[in-house]
Amino acid sequence: MEVLIQNLSYLTIPQVIMWCIGGGLIYLAIAKQMEPTLLLPMGFGAILVNLPVAVEGTGVQHVLDTLFAIGIEGAELFPLMLFIGIGAMIDFQPLLTNPKLMIFGAAAQFGIFFTLAVASLMGYEIQDAASIAIIGAADGPTSIFVAMALGSKYLGAIMVAAYSYMALVPLVQPPIIKLCTTREERKIRMAYKGKPVSRLTKILFPIVVTVIVGLVAPDAVALIGFLMFGNLLRECGVLDSLSETAQKVLANLITIFLGITIASQMKASDFLQVDTLVIIGLGLVAFVFDTFGGVMVAKIMNLFSKEKINPMIGVAGISAFPMSARVVHKMGLEEDNQNFLLMHSIGVNVSGQIASVIAGGLILSLVKAMIGG
């Protein structure tokens, strides 16, 4: 009873607020099934690290700090290992069948560069502005990688924002899509002309992409290399057991560790700051303009194309795979129950995965050139 009274005396209102935030993340994970493998560890971790100060003596904080030092702060181990699992999940056939979908992957990075300019004008140092801008890709591993490489002092807020927006894609994107499109545009049907893609092409694709990115954006080669290595495990045809392990065991295990490690940066004293809220807001700006950019490019293409493109597929160019593609497919069916957009949106979504990594590499190269690093 004495311990309870002592710990309650240490409890602060900001800690209780963080408990509520953690509970909200857990609710979204369980009740709404929004990326539960990510949001549930983050939510529980947010509660864990905001228990009264007596928890400091239990070793919990030490364990979380150790995970952070090894998995993120040291060699960005968790993001890179996660990319192997993501690569093993991705089927690039829809993209290889229709390579012009890469246009939407590139267009959906517009918000990154727009937010970089906005954050710089707001007075953030270029390293921090660039790290904040990458949140718009909705790609947690790339956000962590860029923020660590540039030494951003806002790493905790950037990680939380990036992974939160990844999970909240089903909430954030639909209103933006409806605002930017008409019902007639959302009902546009697109025939899927899937052509067989040879096994050799599927094997060569990850190798060729790695080489090209290594030459064009060398700062992104670690991320793209691990992503494409995972895809090569999938497509080579002789390592099915390793591919399955990467997709399920490795990806899920790293996601759990990553989620609770990110939560170690959600202490009330650090998280409930004006800068943190501004960064989360700027991340939303980047995310919104990425979505907007994908839609607008599709609309422009429709001005010159005989075969009309459903502009909704453009929003899948962000890196949140496969959540964004599912959102587009679901919205298409809501407007017309025979409007199947999944293969098109998946093709755009996987192109966005590549484009976000390249954008991260280009941002790194640009900032390093500006600061002479």
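Let us start with Ala263, which has a relative accessible area of 0% and is therefore buried; buried here means under 20% relative accessible area, exposed over 50%, and partly exposed in between, with a 1.4 Å probe and protein chains only. This is a predicted model, in which local features need pLDDT of at least 70 and side-chain atom pairs count only at pLDDT 80 or more, while totals for chains, interfaces and linings use all residues. Residues are numbered from 1 along each chain as its sequence is written, and side-chain values use heavy atoms, with hydrogens and water left out.

Ala263 lies in helix α16; helices (DSSP runs of H or I, at least four residues) and strands (runs of E, at least two) are numbered from the N terminus. Leaving aside neighbours within four places in sequence, Ala263 is in contact with Pro41, Met42, Gly45, Ala46 and Val49, where contact means heavy atoms within 4.5 Å. If you follow the chain to Gln273, 10 residues apart from Ala263 in sequence, the two C-alpha atoms are 16 Å apart in space.

Met42 leads us on to another residue, because Tyr163 also touches Met42, contact again being heavy atoms within 4.5 Å. The other partners of Tyr163, not counting residues up to four places away in sequence, include Leu38, Leu82, Gly140, Pro141, Ile144, Leu258 and Ile262. Together with Ile72, Tyr163 has the most contacts inside the largest nonpolar core, a group of 111 residues. A nonpolar core is a set of buried Ala, Val, Leu, Ile, Met, Phe, Trp, Tyr and Cys residues joined through side-chain atoms within 4.5 Å. Helix α11 (residues 155–167) gives the most to this core, with 11 residues. In soluble globular proteins, nonpolar side chains tend to be buried together.

Now turn to Leu28, whose place is in helix α2 (residues 13–30). Leu28 counts as buried because its relative accessibility is 19%. Leu28 and Leu168 are 140 residues apart in sequence, yet their C-alpha atoms are 9.0 Å apart in space. Leu168 is also one of the contacts of Leu28 beyond four places in sequence, along with Gln33, Met34 and Leu39.

Next comes a charged residue, Asp128, which is found in helix α9 (residues 126–133). Its relative accessible area is 3%, so Asp128 is buried. The side chain of Asp128 makes a polar contact with the side chain of Lys153 at 2.9 Å. A polar contact is a pair of N or O atoms within 3.5 Å; within protein, one must be able to donate a hydrogen and the other to accept it, and residues adjacent in sequence count only if both atoms are side-chain atoms. Not counting residues up to four places away in sequence, Asp128 touches Ser152 and Tyr154 as well as Lys153.

His329 counts as buried at 17% relative accessibility, and Gly332 counts as buried at 0%. Setting aside neighbours within four places in sequence, His329 is in contact with Phe340, Leu341 and Leu342, while Gly332 is in contact with Arg186, Met312, Asn339 and Leu341. Gly332 and Phe78 are 254 residues apart in sequence and 35 Å apart in space, C-alpha to C-alpha.

On a 1 Å grid over the protein atoms alone, a cavity is a set of points where a 1.4 Å probe fits but cannot get out, and a pocket is an open set with protein on both sides within 12 Å along at least five of seven lines; lining residues have an atom within 4 Å of a point. Grid points are joined across faces, edges and corners, and a volume is the space filled by probe spheres set on the points.

The largest pocket has a volume of about 430 Å³. Of its 19 lining residues, the closest to the centre are Glu35, Ile86, Met89, Phe321 and Pro322. The elements giving two or more residues to this lining are α3 (36–48), α5 (77–89), α11, α16 (240–263) and α19 (323–335). By class, the lining has 11 nonpolar, 5 polar and 3 charged residues; Ala, Val, Leu, Ile, Met, Phe, Trp, Tyr, Cys and Pro count as nonpolar, Asp, Glu, Lys and Arg as charged, and the others, Gly among them, as polar.

The second largest pocket holds about 350 Å³ of space. Among the 18 residues that line it, Asn98, Lys100, Ala191, Glu307 and His344 are the closest to its centre. Helices α6 (93–97) and α20 (342–371) each supply at least two residues of this lining, which divides into 9 nonpolar, 3 polar and 6 charged residues.

Finally, a search of the whole structure finds 1 cavity of 30 Å³ or more. The largest cavity is lined by Phe92, Leu96, Lys202, Phe205, Asn231 and Glu235, with α14 (199–216) and α15 (221–235) each giving two or more residues.
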